[in-house]
Amino acid sequence: MAGEWIPIDRNLGTKPEVLELVDVTGQPVEVVGWRLIQLWSWAAMNTADGVLRATPRRLAALAGGDEQFWLAVEQVGWVTFLNGTVEIVGWERRFSQALVS
């Protein structure tokens, strides 16, 4: 159905940011990739601008991992946490076609 999909890079598992997350967190690439897909899927259904009310702890409960994992995602530049919100960096360029229900 329209609005229930997100774009995913064919080379997600070999992107430098993903490989850095594998190195920093010690998690396998498939675990890192799945957590990112869970984040992006949740965001696509709940925001039009890439900003959501969430903390690293909330993302861990939602998409797996722990707070340190999500802080590592921030470290590689894919999210920004500020005052109880998370912003998906590059949202407009990558996910603006997703529909919010």
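These legends accompany close-up views of a predicted model.

**View 1. Salt bridges across the structure.** Searching the whole structure turns up two salt bridges. Follow the side chains here and you will find D9, K15 and R94 joined in a network of salt bridges. The next two views take these contacts one at a time.

**View 2. D9 and R94 meet in a salt bridge.** The N to O distance between these two side chains is 3.0 Å. This pair links distant parts of the chain, with 85 residues separating D9 from R94. D9 sits in the segment before α1 (16–25), while R94 belongs to helix α5 (residues 91–95). R94 has a relative accessible area of 23%, so it is partly exposed. D9 is also partly exposed, because its relative accessibility is 26%.

**View 3. K15 and D9 form a salt bridge.** Here the side chains come together at 3.5 Å, again given from N to O. K15 counts as buried because its relative accessible area is 17%, and the cut-off for buried is under 20%.

**View 4. N83 has a positive phi.** Now for a look at the backbone. Most residues other than glycine have a negative phi. At N83, phi is near 50 degrees, a positive value in a residue that is not glycine. You can find N83 in the loop between β2 (79–82) and β3 (85–88). N83 counts as exposed because its relative accessibility is 75%, where exposed means over 50%.

Notes:
Residues are numbered from 1 along each chain as its sequence is written. This is a predicted model: local features need pLDDT of at least 70, side-chain atom pairs count only at pLDDT 80 or more; totals for chains, interfaces and linings use all residues. Side-chain values use heavy atoms; hydrogens and water are left out. Helices (H or I, at least four residues) and strands (E, at least two) are DSSP runs, numbered from the N terminus. Buried means under 20% relative accessible area, exposed over 50%, partly exposed in between (1.4 Å probe, protein chains only). A salt bridge is a side-chain nitrogen of Lys or Arg within 4 Å of a carboxyl oxygen of Asp or Glu.
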